[in-house]
Amino acid sequence: MLGNSIIPLTQIKAVQAAIGNYCQFSPDAIAMKENFLQTALKGDPEDTKNYQILVRKQAEELRRCRAQTWPQEQAIWLRFYPCDVRPGSVEAVLDRIVNKGYNTVYVEVFADSQVLLPPADNPTPWDTVVRTPGAERVDLLAQAIQKGRERGLKVYAWVFTLNFGYVYAQRSDRQSVLARNGKGQDSTKFVHDQSQAFVDPYNRQAQTDYYSLLQAVLKRRPDGVLFDYVRYPRGTGTQSAVGKVKDLWIYSAASQQAFYERGLNNKGRDLIQRYVTKGYITVNDVLEVDKIYPDEGSPLWQGRVPPATEGKDSLQVRYQRLKTDLWYLAVAHAAQGVINFVSFAASAVERNGIPAGAVFFPDGNQLVGDRGFDSRLQAWDKFPPSLEFHPMAYGLCKDAACIVKQVERVVKMSPPKVKITPAIAGVWGKTQDNRPTLETQMAAIRAKFPQLRSLSHFAFSWQEPEFDQSRRFCR
């Protein structure tokens, strides 16, 4: 045990400087820092001082190493638990993150109907993660930001976006906020794990609730905010794609009203309403609309430029064209809701001089078949170019080729100058099923995209499962 003794600064310097590959600290440096923390928590003034000195010096060493080591920014995803209110717990977690060479941490702040805010200062409609009696004012997010910076870490707030959580969906005063499809389902009845409750991005109450969350987070001045679940739910099997309007999550009142308002004349609005209500239009619908509004020309809605010949085309040709146009309008309307919501959220963050980023699936914006779309409708290539892009490159293959392919798709389709930070999953030095080691994945990405300077690893709990379980259950 190193406690209860004064360690010369020369010895601290010698141990802390031993950084190996990937900027990871040596076992001796790790053991010394852990021992200092343990004895400092028992009230030892000398080891408290030694611990603080070592933390500062390792922060500088980490900064120096990362500046000359690819990737220059290496991040990890982290969840805090109620038990982390215990003295020294936040320090122990962040120390382990520094030990592994990370200089950025993405702290989960809003997920599964819970927020990482103190019970005594929670202006949101969600419950707090911290529920320990006597810990009503413990602010784990503020602690993580402060203590992270002391260790040379940038600390981002990682928040779910359109997935407001199952508990939120059970509130009687929030039923109109939930996204619904043409069968009247909300996502708790659609996604098998029943843990995902997606909201209608056009709903004003959803925007207000989310804004209250962002304001509370921004008050703590994180180094960035990452938006996750910027999409609609994805079903399984055939429900993983959408091919007709009633598959879309646009049947809540706010989304429907916004859809009808996309009509630019009476014919357009009438056809949109018939299409949404029935799930299709017929030749008779086209005829009826012509009779009701004889003084109008072609049906019009946002983005529709009818061909000059439309007035002379046969009824069947017009019908087929209108049917196709309405389908693409419905898909665009659904996707635009997601884009609008993340744009609104990002602007709230960026107004505070804090960067914002979007987490997404590289294939979330793909076509399926001739006219179908991935049900998530995650049109990330249309997200605001001011955002950082964080594609989840979680492909499963033995040689990392599929992971590189996912990153390649994002690099090719992203707006110019967007910061791209691929998120990869796995652990150091160990393969898992068809998932290569983090080292293998990183080497493959670097070989193909040396221009990328930022990368993240999912997740801390995967790398430290025993320690994570101990924190989770207060052991």
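Is Arg-274 buried or exposed, and what is its relative accessible area? In this predicted model, Arg-274 has a relative accessible area of 17% and is therefore buried.

**Salt bridge of Arg-274**

Arg-274 pairs with Glu-288 in a salt bridge whose closest N and O atoms lie 2.8 Å apart. The bridge joins helix α9 (residues 266-278), which holds Arg-274, to helix α10 (residues 283-292), which holds Glu-288; the two residues are 14 apart. Glu-288 is partly exposed, at a relative accessible area of 40%. Through shared partners, Asp-270, Arg-274, Lys-278, Asp-285 and Glu-288 form one salt-bridge network.

**Other salt bridges**

The chain contains 42 salt bridges. One of them connects the side chains of Asp-139 and Arg-220, at 2.7 Å from N to O. Asp-139 lies in the loop between β4 (127-128) and α5 (140-150), and Arg-220 in the loop between α7 (204-218) and β6 (224-228), 81 residues apart. Both Asp-139 and Arg-220 are buried.

**Nonpolar core**

The largest nonpolar core has 141 residues, among which Ile-97, Tyr-210, Phe-227, Phe-383 and Ile-445 touch the most other members. Helix α11 (residues 315-350) supplies the largest share, 16 residues. Leaving aside residues up to four places away in sequence, Ile-445 touches residues including Trp-70, Ile-403, Pro-450 and Leu-455.

**Overall architecture**

The chain has 15 helices and 13 strands, and its C-alpha trace spans about 95 × 50 × 40 Å along the principal axes. Of its 475 residues, 55% count as buried. Among contacts with a separation of 6 or more, 75% involve residues 24 or more positions apart.

Note on methods. Residues are numbered from 1 along each chain as its sequence is written. This is a predicted model: local features need pLDDT of at least 70, side-chain atom pairs count only at pLDDT 80 or more; totals for chains, interfaces and linings use all residues. Side-chain values use heavy atoms; hydrogens and water are left out. A nonpolar core is a set of buried Ala, Val, Leu, Ile, Met, Phe, Trp, Tyr and Cys residues joined through side-chain atoms within 4.5 Å. Buried means under 20% relative accessible area, exposed over 50%, partly exposed in between (1.4 Å probe, protein chains only). Helices (H or I, at least four residues) and strands (E, at least two) are DSSP runs, numbered from the N terminus. Contact means heavy atoms within 4.5 Å. A salt bridge is a side-chain nitrogen of Lys or Arg within 4 Å of a carboxyl oxygen of Asp or Glu.
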